[in-house]
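Please look over the structure shown here.

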Amino acid sequence: PIRNEGQWPRVELAKLDPAVRTAFEQLCAAAASNDDDGPLQPIEEHDTLRALKARKLNLPRTLGWLAAHRRWWKEKQPREMRFISKADAGVKLMYGSGMARWFALDKHGIPFFYADLKGWAPHLVSCADHTNFAISGLELMREAARQFCPGAPEYGAVIDIESWALWHVNYIFYILDFFLMFIEHYPQCVSRIYLLNAPPLFAHAWKIIRRGLDEWIRERIDFVTDGEIYAGYFLERFDAADLFSNLGGTRGPIELEEKRVPGFWNQPGTDIEPDLLFDWRKKPLPRAIQQLRSEAKEQAARAKWHAKRQNASG
């Protein structure tokens, strides 16, 4: 790591375009005068700068975003959500599917995770749990970026979507709900998202998903073919020793099949318990997973009931 615990990369004003610097300084001054939340904290600086750019330096709109983002932050407490051992049952279920894992740092120190859609099990959890799983993973990536990125924290993904199936269409709204949260609360943090082995069936789904993305993300999603991989596509960005052999590297793919998913590099408490790992395609599901699914359903029902009460009282 290039930073110690609690150290966050700060915005370097001298490196900003003059107009952006002036707008950001005005934003910082306005935030500091807010009696409720006070000045920007180091963890907030880059997100707020990116939100300002996304809103074309519109100060009132960005201040509105900041207030809403801070309310969301207090309610969700996302930094705590990265610890899998503390996660809700639905989030643990999604981790247990083995869909996603730590991948590697690229040659510039930017962290990437790897995901394989064959492990995606949205039918086992609610949309809210699915989005909370995504928040948990994003906070793992944010922490990795805090530790390793030489500049502004950013991160990326390598996702194999070969297993996209017709029934997945029923859960496109899960994906859209994730991106709605992602664009709002993790603005412009994407370095690159690589989608591998896209089947023809995915084309229609992509037309729907694409409309839910902002321009920043759309421009950073690349569809990569086997031919490009074999031609050394990923070797430009990653060291061969960090790339699985199916990505053109020398790293053995056997670990993708092992019945363990190691935690994120240098992040204690992020390992997935071996007893919770499962293949959702094999029936019946393990007893521990059935219990988790029951707990997740109960938690989702309680959350829905509380939301109805709040709406009624409001």
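Predicted model: local features only at pLDDT ≥ 70, side-chain atom pairs only at ≥ 80, totals over all residues.

Residues are numbered from 1 along each chain as its sequence is written, and side-chain values use heavy atoms, with hydrogens and water left out.

**Helix contacts**

Helices (H or I, at least four residues) are DSSP runs, as are strands (E, at least two), and they are numbered from the N terminus. Start with helix H1 (residues 18-32) and helix H2 (residues 42-54). Their axes come within 11 Å and cross at roughly 120 degrees. Axes here are lines fitted to C-alpha atoms, for helices over the stretch in contact, and angles run from 0 to 180 degrees between N-to-C directions. That angle makes H1 oblique to H2. Angles under 35 degrees count as roughly parallel, over 145 as roughly antiparallel, 65 to 115 as roughly perpendicular and the rest as oblique.

Which residues of H1 and H2 meet? Val20, Ala23, Phe24 and Leu27 come from H1. Glu45, Thr48, Leu49, Leu52 and Lys53 come from H2. Contact means heavy atoms within 4.5 Å. The residues of the contact of H1 with H2 divide into six nonpolar, one polar and two charged. Ala, Val, Leu, Ile, Met, Phe, Trp, Tyr, Cys and Pro count as nonpolar, Asp, Glu, Lys and Arg as charged, and the others, Gly among them, as polar.

A second contact joins H3 and helix H6 (residues 127-148). Their axes are 13 Å apart and the angle is about 100 degrees. H3 and H6 are therefore roughly perpendicular to each other. H3 brings Trp72, Trp73 and Lys76, while H6 brings Asn132, Ile135, Glu139 and Arg142. These residues divide into three nonpolar, one polar and three charged.

**Salt bridges**

Side chains of opposite charge can pair when their charged atoms come close. A salt bridge is a side-chain nitrogen of Lys or Arg within 4 Å of a carboxyl oxygen of Asp or Glu. By this rule the count comes to 17 salt bridges. The table gives three of them.

| Pair | N to O distance |
|---|---|
| Arg10 and Glu45 | 2.7 Å |
| Lys74 and Asp37 | 2.9 Å |
| Glu219 and Arg220 | 3.7 Å |

Arg10 and Glu45 meet in a salt bridge. Arg10 lies in the segment before H1 and Glu45 in helix H2, so the pair ties together parts that are 35 residues apart in sequence. Arg10 is partly exposed at 46% relative accessible area, whereas Glu45 is buried at 9%. Buried means under 20% relative accessible area, exposed over 50%, and partly exposed in between (1.4 Å probe, protein chains only).

Lys74 forms a salt bridge with Asp37. Lys74 sits in helix H3 (residues 59-76) and Asp37 in the loop between H1 and H2, 37 residues apart. Lys74 is exposed at 54%, and Asp37 is partly exposed at 29%.

In the last pair, Glu219 is partly exposed at 47% and Arg220 is buried at 17%.

Salt bridges also form a network that links Glu5, Asp47, Arg79, Glu139, Arg142, Glu143 and Arg146.

**Phe178**

Phe178 lies in helix H7 (residues 172-185). Is Phe178 buried or exposed? Phe178 is buried, at 17% relative accessible area. Leaving aside its neighbours within four places in sequence, Phe178 is in contact with Thr131, Ala134 and Leu138.
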